[in-house]
Amino acid sequence: MTGAERHLDGDDGLADGLERLWTPHRMTYISGEDRPEGGYEKPTGCPFCLAPGLPSETSLVVARGEHVFAVLNLYPYNPGHLLVCPYRHVADYTELDLPETAELAAFTQDAMRVVRRVSNAHGFNLGMNQGGVAGAGIAAHLHQHVVPRWGGDANFMPVVGRTKVLPQLLADTRDLFAKAWPA
């Protein structure tokens, strides 16, 4: 059997002659099967409310501040994709108070510095999706995306293969970022 014959397509399970990389962990997010029973609107079901109370290695929390924390995205767009979240369960940016807003901004800057130092990112996409209609997967708890970018990172994998290649386990990325985060 050739290498190509060992690879199956996603529709009918038949060999198609293409070599493919699969990211089955994304299906959990797409299908919503890991959503808490009560939904994300209630703090008892909100992963951003739960994460700070879990061990950093389990929750993927990289750094903790007084008002916000930085955590790796469980379903990253690119390697090193971080989220900066307030501890307080608020949905809208306008609901943050001044100390939360200031620390969220400072943590975003720290996240960019750390990712540049650890992985030599060439640029970043920063943003908040406010509400489900704006693309927020967990609209009930505000979170700022810090997505590192590199020249040429939109290569054939996402375009043709409809997948992203992440070259490192999330736990290993978390450890690198946590060690590099300013004290």
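Phe107 is buried, as is Trp181, where buried means under 20% relative accessible area with a 1.4 Å probe and protein chains only. The model is predicted, so local features need pLDDT of at least 70 and side-chain atom pairs count only at pLDDT 80 or more, while totals for chains, interfaces and linings use all residues. Residues are numbered from 1 along each chain as its sequence is written, and side-chain values use heavy atoms, without hydrogens and water.

The structure holds two aromatic pairs; rings of Phe, Tyr and Trp (its six-membered ring) pair if their centres lie within 6.5 Å. The ring centres of Phe107 and Trp181 are 5.3 Å apart and the planes stand at 45°, so this pair is tilted, the class between stacked (under 30 degrees) and edge-to-face (over 60). Phe107 lies in helix α5 (residues 98-119) and Trp181 in the segment after α7 (170-180), 74 residues apart. Helices are DSSP runs of H or I with at least four residues, and strands are E runs of at least two, numbered from the N terminus.

Helices α5 and α7 pack at an angle of about 115°, with axes 9 Å apart; the axes are lines fitted to C-alpha atoms over the stretch in contact, and angles run from 0 to 180 degrees between N-to-C directions. Val114, Val115, Arg117 and Val118 of α5 meet Leu176, Phe177 and Ala180 of α7, contact meaning heavy atoms within 4.5 Å.

Trp181 returns in the largest nonpolar core, where, of 32 residues, Leu82 and Trp181 touch the most other members. Such a core is a set of buried Ala, Val, Leu, Ile, Met, Phe, Trp, Tyr and Cys residues joined through side-chain atoms within 4.5 Å. Its largest share, six residues, comes from α5.

Notes
Buried < 20%, exposed > 50% of the residue type's maximum accessible area, 1.4 Å probe, protein only.
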